[in-house]
Amino acid sequence: MESNQPQELWLVEWSRSNMALLNHNYQDAVRFAEASLNKVMHNQVLSLLDVRATAYEKQGLLSRATEDAIRMIQYVPDSPLGYLRLGSVYMTSGKPVLAADVYRQGLQEMPECRQLGLKRERALLRARARFDIIGNLPLELVYKVVMNMDPDDAWVCLLVSQTWCERVSRCGMRWNSVIVKQKPAPTDKFICDAVPLVADHVQYLQVANPLDRALSTRYLEHLKYGLFTNLGTLSLKGSFFASITPVDLAIALWQVRNTLTVLKLDFGSSQVFPLFSILPSCPSITDLSYATRGELYYDSSNRVTCNSLTNLQLFYGNATYTALCSNLAQCPNLTRLDIKSSSDRPLNYVMGCPIARYCRRLKILGLNYYGNELPMLQDLRHKGSGLLFLGIRFDQHFAFEQAAPHIEYNAPYLHQLDITFAQPEDTRGCNSRLNLLYPKLQTLRYRCDERHFPIGRTSIKTCAENFVAGIIYNSSKLMDVSLLYFTCTDNSILIALETAVHRTVRTLRLNSVCFNDTTTEDRYRNLFSSLDQVRNLDIWNCRFLNDNVLFSLATSLRLRQLKLVGCDLLSTNGLIEFFKQIALQESHSLQLLELDSLTATIDQRMIRYISKMNNLDALTITQCDISVEDIGYLVDIAPFMSLETIGIFHCCPSETLDSWSAAIRRAEKQGVTLIIK
């Protein structure tokens, strides 16, 4: 009967409220209904929430337990159950201060509740016993702790307390960079709130396409208020420009005018500000990156000469030659220029007026160059007036017959030249000077992207190949040659290589190169047997490399690094004979050997001859057929040679982890570094 008594009590009150409602006694109906609800809350809902919150707490789901405990207090604020449960959850979470505050609120509602008083005393004792690690450690140790924290956790530490903020904010190196990415993160708003506390330390700020426009607006306000007193690099992208005006950006840049040296603006598809309309606000900028999918235009009302600007990157959709040159004319001190365009419309150059005429101090130039970052050459104090480095991509926008004069104009000064050919066939004629000398050229990279035109003989492609062959042939100091991804229409480049390798070439890279079909095997053997001066040789996916051609390479005694990748015509016996021939020559100098994606099997016979190469320091085998037993054999004989490092990558996929662990332990006993992935 006792278990049914609470249910009967609320049912009695409920029936009374119904009777009062039928008798039109509305005040009694409200009173009896409230009494029935209170009994339900006290005896059923409150008990169920307490049970569920307890279960959540035992499972470690503290956020859910907290939600149920708060609902208990909201439903029945004059019951101690909700306060006791919420305080217990906070104590389990390691937050005794919050638990004591909850017990205090309960005592205000129920001063006579002795259990709440006891719980509060215990929470206060535990809070006093806690050690504030950040507040009590020496600053040197605080610095090490903060520097080893996850970046997001470090930002949250600034908002814990005033003491933490004062001590943590002194770790200036931690706050050098602030990066807001496009994908929202839970800590973005915390970081935005904490940035003003360490703004003096921020040297790099990037706001890259955040989906939350309010976040962009807040960072803009931080800039306009002048919080970043030491900001050196500012990068703004995409939707950041959707809700601001040129005046807003000018004010923000004016606040950092004394320290800002690098500015990156990527407008994307948003509104575009004229290139030089914002530079008067920050006269100390030395590096500017300006990107837009639209058209690059020139604002004649802002004729500002940017004397401090030395590095300029322009990425645009379309541009006229007049607009391009008008913008460049305002940068007389440029030493590095990178121009990229996604336009299929050719840029009509005015012949006789090269870009270098407007930027007379230019040393590094990239035209639609999609390779690695343009290098910053060590010595820009070159006595000549031409370029030291040129990276160029021949395509519809920068056509060969129109852009090649830039190379010819700078031939006496170039140290490094990167050329990518991706131009479809057209009916325009092209002429180039094949006998021009390149007296200082040291590095040449030529890549042909044949996806842009039918594979075969085209007049434009043939002219480009003859042009490159002339550069190789006429460069007396050429030391590094890379030829990538192309099928030769004739033997002009091969003939030039045969001459160059006898002179100063030290590094030769051939990647997916196919010379003319009429070239005989003897021609290739003669080329490889004459690589006396070459120190580093990389051959990737070249079908002309067979066993006989590789064997002719064994006479190159000065070769120090050899990399063979994906050469399908090389057999196991051919490689064995090659390594045997090298091992028989005591004066060989091969120090680094890399074998990658070969169809040949790496067996003990081959390893036996590799072990006789006394100067070999490192061996790397990637995606090749080699067993764990053969790897163990290689490890065992490594101490008897100079081999110190062995790399095995993506081989033997069927082997277990225990087999690899045994091989690593075996190598450790032999004193050999074995790297396995």
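Trainee: Which residues of α5 are buried?

Mentor: In this predicted model, the buried residues of α5 are Pro96, Ala99, Ala100, Val102, Tyr103 and Gly106.

Trainee: What makes these buried residues line one face of the helix?

Mentor: Look down the axis of α5: the buried residues fall within an arc of 160 degrees, so they line one face. The face turned away from that buried side carries Val97 and Gln108, which are exposed.

Trainee: How do you know what span is expected for α5?

Mentor: Helix α5 covers residues 96-109, which is 14 residues. The expected span is 1.5 Å times one less than the number of residues, and for α5 this is given as 20 Å. From its first C-alpha to its last, α5 reaches 20 Å, close to that expectation.

Trainee: Now to Val156. Why is Val156 called partly exposed?

Mentor: Buried means under 20% relative accessible area and exposed means over 50%, with partly exposed in between. Val156 has 32% relative accessibility, so it counts as partly exposed. You will find Val156 in helix α9, residues 151-157. Together with Leu159, Val160, Phe190 and Leu197, Val156 makes a nonpolar surface patch of about 400 Å².

Trainee: And what makes strand β20 largely enclosed by the rest of the structure?

Mentor: Good one! Strand β20 spans residues 645-649, and four of its five residues are buried, so the rest of the structure largely encloses it.

Trainee: How do you know that β19 and β20 pair?

Mentor: Two strands pair if at least two bridges are found between them. Strand β19 (residues 618-622) and β20 have five bridges, in the parallel sense. As an example, Ala618 has Thr645 in β20 as its bridge partner.

Conventions:
Residues numbered from 1 in each chain as written. Predicted model: local features only at pLDDT ≥ 70, side-chain atom pairs only at ≥ 80, totals over all residues. Heavy atoms only, no water. Helix = DSSP H or I, 4+ residues; strand = E, 2+ residues; numbered from the N terminus. Buried < 20%, exposed > 50% of the residue type's maximum accessible area, 1.4 Å probe, protein only. Arc of directions from axis to C-beta. Patch = residues over 30% accessible without salt bridge, like charges linked within 9 Å, V, L, I, M, F, W, Y side chains within 5 Å. Areas by Shrake-Rupley, 256 points an atom, 1.4 Å probe, with all protein chains shown as cover. Salt bridge = Lys/Arg side-chain N within 4 Å of Asp/Glu carboxyl O.
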